[in-house]
Amino acid sequence: MATHEKISELLDANPDILRLLVDSETLSDARSRMFGYLNECEDKVRRADCPLHPLEKKNTRDCITVFKSIISESNEHKTKHSCLDTLWKLAAEHWRRQEWPEVTDAFLVEMKHLFKGVIGLSGIYSKSGICKREVPAFMHLEGREAAVVRSELLNVKADQYAGFIRKNGYKNGLDDEVVRRREEHRQRILQALGATEQDWTNYRWQFKHRFRDAGKIGEIIELTAEEKACIDAAMAQGIPCEITPFYLSLMDPDPKADRHRHDRSLRAQVIPNRIYLDKMLEARLLPKEELDFMHEMDTSPTDFVTRRYSQIAIVKPYLWCPQICIYCQRNWELAEDSCGKADPAIHNLAEAYEWFRANPGISEVLITGGDPLAVSNDKIASILQTFAEMKHIKRIRIGTRTLVTAPMRFDEELLAILRTYHRPPEQTITLVTHVQHPYEISKEMADAMRNIKSLGIDVYNQQVFTMQNCRKFETCFLRESLKGIGISPYYLFNLKGKEETADFKVPVARLLQEQKEEARLMPGLVRTDKPVFNVPTLGKNELNAWQDHEIIMILNDGSRIYEFYPWEKYMAPVNTYVYKDTPIYDFLRRLEALGENPDDYKTIWYYF
């Protein structure tokens, strides 16, 4: 429940709104008055004599647009909720000093910022919104003098990035101290498994000796009581939890080593949390197709093929990974390799290949799964040869995480196969990987990348934006680290909205803020990733594009409800997608618990 203090803060933030809500006899009256008030606010901000700074004017107009959206009857019907009804009752009961409706602090703080935003008091530029004295000095200068002053300001911005990296102690796996520590881990693992250095560099050995048992893992790294309990529960219930020896060597031995814990993201990806375990157990009672969050069955024209776009399609020749990500998109169809169901029958793949031959409009294939590089080199060569013989296939894309989990997979034999089928300009091979955090980068990954790049093959990265990599400039540091070893940032994904991934969720507003305030400070060749929301059935929606999504409601728990519009909206009347986001207020409290200062993220409320 909300606190009385927060309710007062909300209603005192804009006395005009409080007055019109209190004076309204009915909800319909409140809606009419509110639209009239917002129209007046918009008229004022568009007048030539409006004293607000141009940037504050733009933010005010955006806030007005959002406010109109969340109080519209059509959006109330669409979401089965009325934010205006909550506000109307809050105002009435506040005036009468009676009981308030059930709302959270997250709702009240969200609405407080909107109340201020519609009258130009966001506080981003100044308390008054006028900020005439705060205009950068170079705006009043010209020529070289202006350039020098502007350059000094940009130095401050560059120092801001470097300062956060130092303050938070961000590290990647190429740091000398990290390399030394990981070498010690490696020796402990080899000793625990009775293995040799030659075993370590054999990817088959890595796959065969995955760690599953909390006791064995605990011999290498210290586990918290919660981590141990979750691993034990996963083992008992048959929920995948496996870690390659190499990936385990990337983790820090002591989970309490520092306040941020460099390997926090690594552990979270492979060690189940309680929410994930509970939801996965519930899911076992449901038909398999109900677990298909992205509705891939609706876009699968034949077995093991997915097509959501005109010139590219996916083929899945292997439905298992050496290591399962907790937030995996396809966890519903992954099959344990030991049970024989991960490897499609030859005739099933033959049907998939025949489908590609029958669709000459497809110019690119994405080979994924599961992880296709979990299979033998012979099978990889066979798959590549099959697509190489299709003259309409110009590009072959391989999606793999083995660069992270077992970089020794790129042995001489595999490199020779890739060299054979990478034949520009007739046909090219591209690798797409998933490096989630700078601490996942390793010396071995850098060595593998050097060999891959020598073949002329491009490598791109897809990152998922989560609680474990969303701190200020954390993703910027990943981009810079990746670029240093030859991997280009490609996509920055908003996390899928599956229930079992709730522990990872970050508000859309934080991803937009990262793009505008952090990534934007980096050179263009480093910030090449696109922020996207992967809409079930419909495909990728670029989050930077306002016209591709909008806020249609704010719930009493502070959640924003977004409506996403499909990429082909101007070509076909395809249905939209409605999504419930995680409350910004709750997210900031979680960041604070990690040692972050919420003031560093204070503009987040005005990213829509």
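Two strands count as paired if DSSP finds at least two bridges between them. Helices (H or I, at least four residues) and strands (E, at least two) are DSSP runs, numbered from the N terminus. Keep both rules in mind for this tour of a predicted model, where local features need pLDDT of at least 70, side-chain atom pairs count only at pLDDT 80 or more, and totals for chains, interfaces and linings use all residues. Residues are numbered from 1 along each chain as its sequence is written, and side-chain values use heavy atoms, with hydrogens and water left out.

**Whole chain**

Start zoomed out. The protein chain holds 24 helices and 12 strands. Its C-alpha atoms fill a box of roughly 75 × 55 × 55 Å along the principal axes. Of the 608 residues, 57% count as buried. Buried means under 20% relative accessible area, exposed over 50%, and partly exposed in between (1.4 Å probe, protein chains only).

**The sheet**

Select β1 to β9. These nine strands form an open sheet, in the order β1-β2-β3-β4-β5-β6-β7-β8-β9, with mixed pairing. Colour β1 (305-306) and β9 (539-542): they are the edge strands, and each pairs on one side only.

Next, select residues 428-433 and 458-465. These are β5 and β6, paired in the parallel sense over four bridges. β5, α21 and β6 make a right-handed β-α-β unit. Right-handed means that, with the strands pointing away from the viewer, the path from the first strand over the helix to the second runs clockwise.

Six bridges join β7 to β6, and the two run parallel. Gln 462 stands opposite Tyr 491 in β7. From β6 the chain crosses through helix α22 (residues 474-484) to β7, in a right-handed β-α-β crossover.

Keep α22 in view. Helix α22 packs on the sheet, touching β6 and β7. Contact means heavy atoms within 4.5 Å. The direction of α22 makes about 150° with that of β7. Axes are lines fitted to C-alpha atoms, for helices over the stretch in contact, and angles run from 0 to 180 degrees between N-to-C directions. Then show α23, residues 508-517. Helix α23 touches β6, β7 and β8 (530-535), and its direction makes about 155° with that of β7.

**The cores**

A nonpolar core is a set of buried Ala, Val, Leu, Ile, Met, Phe, Trp, Tyr and Cys residues joined through side-chain atoms within 4.5 Å. Select Phe 356, Leu 384 and Phe 387. Of the 96 residues in the largest core, these three touch the most other members. Helix α18 (residues 377-388) supplies the largest share of this core, six residues. Centre on Leu 384. Not counting residues up to four places away in sequence, Leu 384 touches Ile 367, Ile 396, Ile 398, Ile 417, Leu 418, Tyr 421 and Ile 429. A second, separate core of 70 residues includes Val 109, Cys 470, Ile 552 and Leu 588.

**Last stop: Arg 308**

Select Arg 308, in the loop between β1 and β2 (312-318). Is Arg 308 buried or exposed? Arg 308 is buried, with a relative accessible area of 14%. Show its contacts beyond four places in sequence, among them Met 294, Gln 329, Asn 534 and Trp 567. Gly 539 is another contact. The C-alpha atoms of Arg 308 and Gly 539 are separated by 6.3 Å, though the residues are 231 apart along the chain.
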